[in-house]
Amino acid sequence: MRKDKPLLLVSNDDGVNAKGIHELVKVLRSIGNVIVVAPDGPRSGSSSAITSANPLSFNLVKQEDGLSVYKCSGTPVDCIKLALHTIVPRKPDIVIGGINHGDNSSINVHYSGTMGLVIEGCLKGIPSVGFSLCDHGLDADFSFSLPYIDKIVRVVLLKGLPVGNCLNVNFPAKTKMKGVRICRQTKALWVNEFVEREHPHGGHYYWMTGDFMDIEQDAEDTDRWALQHDYVAITPVQIDVTAYALFEELKKWDLNV
(Lines give C-alpha, C1' and ligand atoms only; values in the text may rest on other atoms or scores of the structure.)
Protein backbone atom coordinates (compact mmCIF):
# COMPACT_ATOMS: atom_id res chain seq x y z
CA MET A 1 0.00 0.00 0.00
CA ARG A 2 1.25 3.47 -0.89
CA LYS A 3 2.17 5.50 2.18
CA ASP A 4 1.27 8.79 0.47
CA LYS A 5 -2.42 7.85 0.13
CA PRO A 6 -5.07 8.06 2.87
CA LEU A 7 -5.74 4.89 4.85
CA LEU A 8 -9.43 3.98 4.98
CA LEU A 9 -10.69 1.39 7.50
CA VAL A 10 -14.03 -0.12 6.47
CA SER A 11 -16.55 -2.41 8.14
CA ASN A 12 -20.29 -3.09 8.25
CA ASP A 13 -22.94 -5.12 10.08
CA ASP A 14 -24.31 -7.05 7.08
CA GLY A 15 -21.20 -9.19 6.74
CA VAL A 16 -18.13 -9.28 4.54
CA ASN A 17 -20.07 -10.77 1.62
CA ALA A 18 -22.85 -8.17 1.55
CA LYS A 19 -23.33 -6.24 -1.67
CA GLY A 20 -23.30 -2.89 0.14
CA ILE A 21 -19.74 -3.19 1.40
CA HIS A 22 -18.49 -4.34 -2.01
CA GLU A 23 -20.09 -1.30 -3.68
CA LEU A 24 -18.54 0.93 -1.02
CA VAL A 25 -15.07 -0.49 -1.62
CA LYS A 26 -15.37 0.18 -5.37
CA VAL A 27 -15.72 3.89 -4.62
CA LEU A 28 -13.12 4.07 -1.88
CA ARG A 29 -10.31 2.45 -3.85
CA SER A 30 -10.01 5.58 -5.97
CA ILE A 31 -9.57 7.65 -2.80
CA GLY A 32 -6.96 5.75 -0.84
CA ASN A 33 -5.69 2.48 0.56
CA VAL A 34 -8.60 0.41 1.85
CA ILE A 35 -8.54 -2.14 4.66
CA VAL A 36 -11.80 -3.99 5.21
CA VAL A 37 -12.37 -5.84 8.47
CA ALA A 38 -15.98 -7.01 8.50
CA PRO A 39 -18.00 -9.68 10.32
CA ASP A 40 -18.02 -13.14 8.76
CA GLY A 41 -21.83 -13.02 8.68
CA PRO A 42 -24.78 -10.70 9.38
CA ARG A 43 -24.63 -8.76 12.66
CA SER A 44 -27.50 -6.30 12.15
CA GLY A 45 -28.84 -4.71 15.31
CA SER A 46 -25.66 -5.34 17.27
CA SER A 47 -25.17 -1.67 18.10
CA SER A 48 -21.91 -1.24 20.07
CA ALA A 49 -21.85 -4.82 21.34
CA ILE A 50 -18.46 -6.42 21.96
CA THR A 51 -17.45 -10.04 22.40
CA SER A 52 -16.14 -10.73 25.88
CA ALA A 53 -16.96 -14.39 26.60
CA ASN A 54 -15.35 -15.95 23.52
CA PRO A 55 -12.03 -15.47 21.70
CA LEU A 56 -11.97 -13.62 18.40
CA SER A 57 -10.35 -14.62 15.15
CA PHE A 58 -9.84 -13.04 11.75
CA ASN A 59 -8.73 -14.31 8.35
CA LEU A 60 -7.45 -12.65 5.20
CA VAL A 61 -10.01 -13.01 2.40
CA LYS A 62 -8.47 -10.90 -0.37
CA GLN A 63 -5.19 -9.09 -0.93
CA GLU A 64 -4.66 -6.71 -3.85
CA ASP A 65 -2.65 -3.56 -4.41
CA GLY A 66 -4.29 -0.94 -2.20
CA LEU A 67 -6.89 -3.34 -0.80
CA SER A 68 -6.90 -5.88 2.02
CA VAL A 69 -10.10 -7.66 3.08
CA TYR A 70 -10.44 -9.60 6.32
CA LYS A 71 -13.39 -11.42 7.87
CA CYS A 72 -13.78 -11.46 11.64
CA SER A 73 -15.73 -13.75 13.95
CA GLY A 74 -16.97 -10.88 16.11
CA THR A 75 -19.29 -7.88 16.03
CA PRO A 76 -18.75 -4.72 13.97
CA VAL A 77 -17.20 -2.98 16.97
CA ASP A 78 -14.95 -6.01 17.53
CA CYS A 79 -13.82 -5.59 13.92
CA ILE A 80 -12.72 -2.00 14.50
CA LYS A 81 -11.08 -2.74 17.84
CA LEU A 82 -9.19 -5.74 16.44
CA ALA A 83 -8.19 -3.88 13.29
CA LEU A 84 -6.75 -0.98 15.26
CA HIS A 85 -4.96 -3.33 17.67
CA THR A 86 -3.57 -5.85 15.20
CA ILE A 87 -4.20 -5.27 11.49
CA VAL A 88 -3.76 -1.67 10.34
CA PRO A 89 -0.16 -0.48 9.80
CA ARG A 90 -0.95 2.96 11.25
CA LYS A 91 -3.85 5.01 12.55
CA PRO A 92 -6.45 5.24 9.77
CA ASP A 93 -7.34 8.61 8.32
CA ILE A 94 -11.03 7.68 8.42
CA VAL A 95 -13.34 4.87 9.56
CA ILE A 96 -16.26 4.12 7.26
CA GLY A 97 -19.29 1.92 7.90
CA GLY A 98 -21.70 0.49 5.31
CA ILE A 99 -23.19 0.69 2.91
CA ASN A 100 -25.90 -0.67 5.19
CA HIS A 101 -28.87 -2.55 3.71
CA GLY A 102 -31.65 -0.56 5.43
CA ASP A 103 -31.76 2.96 6.83
CA ASN A 104 -30.22 3.98 10.13
CA SER A 105 -32.05 7.28 10.56
CA SER A 106 -33.75 8.49 13.72
CA ILE A 107 -33.51 6.19 16.77
CA ASN A 108 -32.16 3.38 14.61
CA VAL A 109 -28.74 4.90 15.15
CA HIS A 110 -28.85 3.39 18.66
CA TYR A 111 -29.48 -0.15 17.40
CA SER A 112 -27.31 -0.15 14.30
CA GLY A 113 -24.14 -2.21 14.15
CA THR A 114 -22.99 -0.02 11.27
CA MET A 115 -23.29 3.10 13.40
CA GLY A 116 -21.84 1.17 16.35
CA LEU A 117 -18.57 0.72 14.48
CA VAL A 118 -18.64 4.36 13.35
CA ILE A 119 -19.04 5.48 16.94
CA GLU A 120 -16.16 3.20 17.93
CA GLY A 121 -13.94 4.90 15.37
CA CYS A 122 -15.08 8.24 16.72
CA LEU A 123 -14.25 7.15 20.27
CA LYS A 124 -10.73 6.43 19.07
CA GLY A 125 -10.38 9.98 17.75
CA ILE A 126 -10.69 9.03 14.07
CA PRO A 127 -13.05 10.90 11.68
CA SER A 128 -15.85 8.38 11.08
CA VAL A 129 -18.85 8.17 8.76
CA GLY A 130 -21.67 5.64 8.36
CA PHE A 131 -23.58 5.14 5.09
CA SER A 132 -26.99 3.46 4.83
CA LEU A 133 -29.57 2.93 2.09
CA CYS A 134 -33.32 2.70 2.73
CA ASP A 135 -33.51 -0.70 1.02
CA HIS A 136 -33.14 -4.02 2.83
CA GLY A 137 -32.89 -6.02 -0.40
CA LEU A 138 -29.86 -8.28 -0.77
CA ASP A 139 -29.45 -7.01 -4.34
CA ALA A 140 -30.32 -3.37 -3.61
CA ASP A 141 -29.24 -0.75 -6.14
CA PHE A 142 -26.52 1.36 -4.52
CA SER A 143 -25.30 3.00 -7.71
CA PHE A 144 -27.02 6.36 -7.26
CA SER A 145 -25.55 6.78 -3.77
CA LEU A 146 -21.95 6.23 -4.84
CA PRO A 147 -21.18 9.76 -6.17
CA TYR A 148 -22.40 11.21 -2.87
CA ILE A 149 -20.24 8.78 -0.91
CA ASP A 150 -17.19 9.72 -2.98
CA LYS A 151 -17.81 13.44 -2.34
CA ILE A 152 -18.55 13.09 1.39
CA VAL A 153 -15.50 10.93 2.11
CA ARG A 154 -13.19 13.28 0.21
CA VAL A 155 -14.54 16.34 2.02
CA VAL A 156 -14.25 14.68 5.44
CA LEU A 157 -10.67 13.67 4.67
CA LEU A 158 -9.94 17.26 3.66
CA LYS A 159 -11.71 19.09 6.46
CA GLY A 160 -11.77 16.48 9.25
CA LEU A 161 -14.42 16.26 11.95
CA PRO A 162 -14.40 17.67 15.49
CA VAL A 163 -13.16 15.17 18.07
CA GLY A 164 -16.14 13.32 19.50
CA ASN A 165 -18.31 13.87 16.43
CA CYS A 166 -19.16 11.56 13.51
CA LEU A 167 -21.63 11.49 10.62
CA ASN A 168 -24.71 9.33 9.99
CA VAL A 169 -25.55 9.46 6.26
CA ASN A 170 -28.76 7.90 4.91
CA PHE A 171 -29.87 7.59 1.30
CA PRO A 172 -33.47 7.26 0.09
CA ALA A 173 -34.16 4.28 -2.17
CA LYS A 174 -34.45 6.51 -5.24
CA THR A 175 -32.57 6.66 -8.53
CA LYS A 176 -32.76 10.46 -8.47
CA MET A 177 -32.25 12.59 -5.38
CA LYS A 178 -32.87 16.28 -4.78
CA GLY A 179 -29.57 16.84 -3.01
CA VAL A 180 -28.23 16.86 0.55
CA ARG A 181 -29.88 18.11 3.73
CA ILE A 182 -28.16 18.47 7.10
CA CYS A 183 -30.67 17.11 9.58
CA ARG A 184 -31.35 16.38 13.18
CA GLN A 185 -32.48 12.99 14.42
CA THR A 186 -36.23 12.43 14.18
CA LYS A 187 -38.05 11.80 17.46
CA ALA A 188 -39.64 8.38 17.07
CA LEU A 189 -40.09 4.97 18.64
CA TRP A 190 -40.74 1.37 17.70
CA VAL A 191 -44.07 -0.19 18.73
CA ASN A 192 -45.64 -3.65 18.34
CA GLU A 193 -42.15 -5.07 18.42
CA PHE A 194 -42.94 -8.80 18.62
CA VAL A 195 -45.29 -11.33 17.04
CA GLU A 196 -46.30 -14.13 19.39
CA ARG A 197 -46.57 -17.65 17.98
CA GLU A 198 -47.62 -20.93 19.54
CA HIS A 199 -44.93 -23.60 19.49
CA PRO A 200 -46.08 -26.97 18.10
CA HIS A 201 -44.52 -28.69 21.12
CA GLY A 202 -46.23 -26.35 23.56
CA GLY A 203 -45.61 -22.86 24.88
CA HIS A 204 -45.02 -19.67 22.95
CA TYR A 205 -42.20 -18.00 21.07
CA TYR A 206 -41.71 -14.53 19.61
CA TRP A 207 -40.47 -13.11 16.30
CA MET A 208 -39.11 -9.58 16.33
CA THR A 209 -41.04 -7.25 14.06
CA GLY A 210 -42.22 -3.70 14.82
CA ASP A 211 -43.90 -0.60 13.49
CA PHE A 212 -41.92 2.63 13.26
CA MET A 213 -43.78 5.57 14.80
CA ASP A 214 -42.58 8.97 13.66
CA ILE A 215 -43.66 11.41 16.37
CA GLU A 216 -42.98 14.53 14.30
CA GLN A 217 -43.85 13.73 10.70
CA ASP A 218 -44.17 17.37 9.64
CA ALA A 219 -40.84 18.55 11.05
CA GLU A 220 -38.84 19.50 7.96
CA ASP A 221 -35.46 19.62 9.69
CA THR A 222 -35.36 15.89 10.51
CA ASP A 223 -33.63 12.98 8.82
CA ARG A 224 -36.87 11.07 8.24
CA TRP A 225 -38.50 14.05 6.51
CA ALA A 226 -35.47 14.43 4.27
CA LEU A 227 -35.51 10.76 3.25
CA GLN A 228 -39.25 10.77 2.61
CA HIS A 229 -38.79 13.77 0.32
CA ASP A 230 -35.92 12.23 -1.67
CA TYR A 231 -32.96 13.99 -0.03
CA VAL A 232 -29.73 12.53 1.28
CA ALA A 233 -29.91 12.95 5.06
CA ILE A 234 -26.68 13.79 6.90
CA THR A 235 -26.99 13.85 10.67
CA PRO A 236 -24.03 14.84 12.84
CA VAL A 237 -23.72 12.55 15.86
CA GLN A 238 -21.83 13.24 19.07
CA ILE A 239 -20.32 10.83 21.57
CA ASP A 240 -21.01 12.98 24.63
CA VAL A 241 -24.52 11.96 25.73
CA THR A 242 -24.62 14.31 28.71
CA ALA A 243 -28.00 16.03 29.00
CA TYR A 244 -26.65 19.51 29.68
CA ALA A 245 -29.99 21.19 30.33
CA LEU A 246 -30.80 18.59 32.98
CA PHE A 247 -27.23 18.83 34.23
CA GLU A 248 -27.83 22.43 35.25
CA GLU A 249 -31.27 21.66 36.67
CA LEU A 250 -29.94 18.80 38.81
CA LYS A 251 -27.51 21.20 40.46
CA LYS A 252 -30.54 22.97 41.96
CA TRP A 253 -31.96 19.82 43.51
CA ASP A 254 -31.21 18.92 47.12
CA LEU A 255 -29.96 15.37 46.68
CA ASN A 256 -27.70 15.10 49.71
CA VAL A 257 -28.67 12.82 52.60
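1. How many of the 10 residues of α1 are buried? Seven are, so α1 is largely enclosed by the rest of the structure. Buried here means under 20% relative accessible area, exposed means over 50%, and partly exposed lies in between (1.4 Å probe, protein chains only). Helices (H or I, at least four residues) and strands (E, at least two) are DSSP runs, numbered from the N terminus.

2. A word on the source. This is a predicted model, in which local features need pLDDT of at least 70 and side-chain atom pairs count only at pLDDT 80 or more, while totals for chains, interfaces and linings use all residues. Residues are numbered from 1 along each chain as its sequence is written, and side-chain values use heavy atoms, with hydrogens and water left out.

3. Overall form. The protein chain holds six helices and 13 strands. A compact globule of 257 residues would have a radius of gyration near 18 Å; the chain has 19 Å, which agrees. That radius is taken over C-alpha atoms, and the globule rule is 2.2 Å times the number of residues to the power 0.38. The C-alpha trace spans about 55 × 55 × 50 Å along its principal axes.

4. Burial and surface. Of the 257 residues, 47% count as buried. The accessible surface comes to about 13800 Å², and 54% of it belongs to carbon and sulfur atoms. Areas come from the Shrake-Rupley method with a 1.4 Å probe; for residues, only the protein chains shown count as cover.

5. Contacts in sequence terms. Contact means heavy atoms within 4.5 Å. Among contacts between residues at least 6 apart in sequence, 77% join residues at least 24 apart.

6. Back to α1 (19–28). Its buried residues are Gly20, Ile21, Glu23, Leu24, Val25, Val27 and Leu28. They pack against β1, β2 (33–39), β4 (67–72), β5, β6 and α4. Leaving aside neighbours within four places in sequence, Leu28 is in contact with Leu8, Val10, Val34, Ile96 and Val153.

7. Helix α4 (residues 146–159). It has 14 residues and reaches 20 Å from its first C-alpha to its last, close to the 20 Å expected at 1.5 Å a residue. The expected span is 1.5 Å times one less than the number of residues. Leu146, Ile149, Ile152, Val153 and Val156 are buried. Seen down the axis of α4, the buried residues fall within an arc of 125 degrees, so they line one face of the helix. The arc is that of the directions from the helix axis to the C-beta atoms.

8. Surroundings of α4. Its buried residues pack against β1 (7–11), α1, β5 (94–101), β6 (128–133), β7 (165–171) and β13 (232–238). On the other side of α4, Pro147, Lys151, Leu158 and Lys159 are exposed. Gly160 follows the helix, with a positive phi near 75 degrees.

9. Nonpolar cores. A core is a set of buried Ala, Val, Leu, Ile, Met, Phe, Trp, Tyr and Cys residues joined through side-chain atoms within 4.5 Å. The largest has 34 residues; Leu28, Val36, Ile96, Phe131, Ile149, Val153 and Val169 touch the most other members. Apart from it lies another core, of 22 residues, among them Leu7, Leu82, Val118 and Ile119.

10. The loop between β6 and α4. Ser143 is found in this loop. It is partly exposed, with a relative accessible area of 44%. Ser143 and Thr175 are 32 residues apart in sequence and 8.2 Å apart in space, C-alpha to C-alpha. Ser145 lies in the loop as well. At 0% relative accessibility, Ser145 counts as buried. Beyond neighbours within four places in sequence, Ser145 is in contact with Ile99, Phe171 and Met177.

11. A cis peptide. The bond from Gly98 to Ile99 is cis, with omega near -10 degrees. Ile99 lies in strand β5.

12. Ser47 has phi near 50 degrees. It sits in the loop between β2 and β3 (58–64) and counts as partly exposed at 22% relative accessibility. Phi of Ser106 is near 55 degrees. Ser106 lies in the loop between β5 and α3 (113–123) and, at 1% relative accessibility, counts as buried.

13. Gly203. This residue lies in the loop between β10 (194–198) and β11 (204–208). Leaving aside neighbours within four places in sequence, Gly203 is in contact with Arg197 and Glu198.
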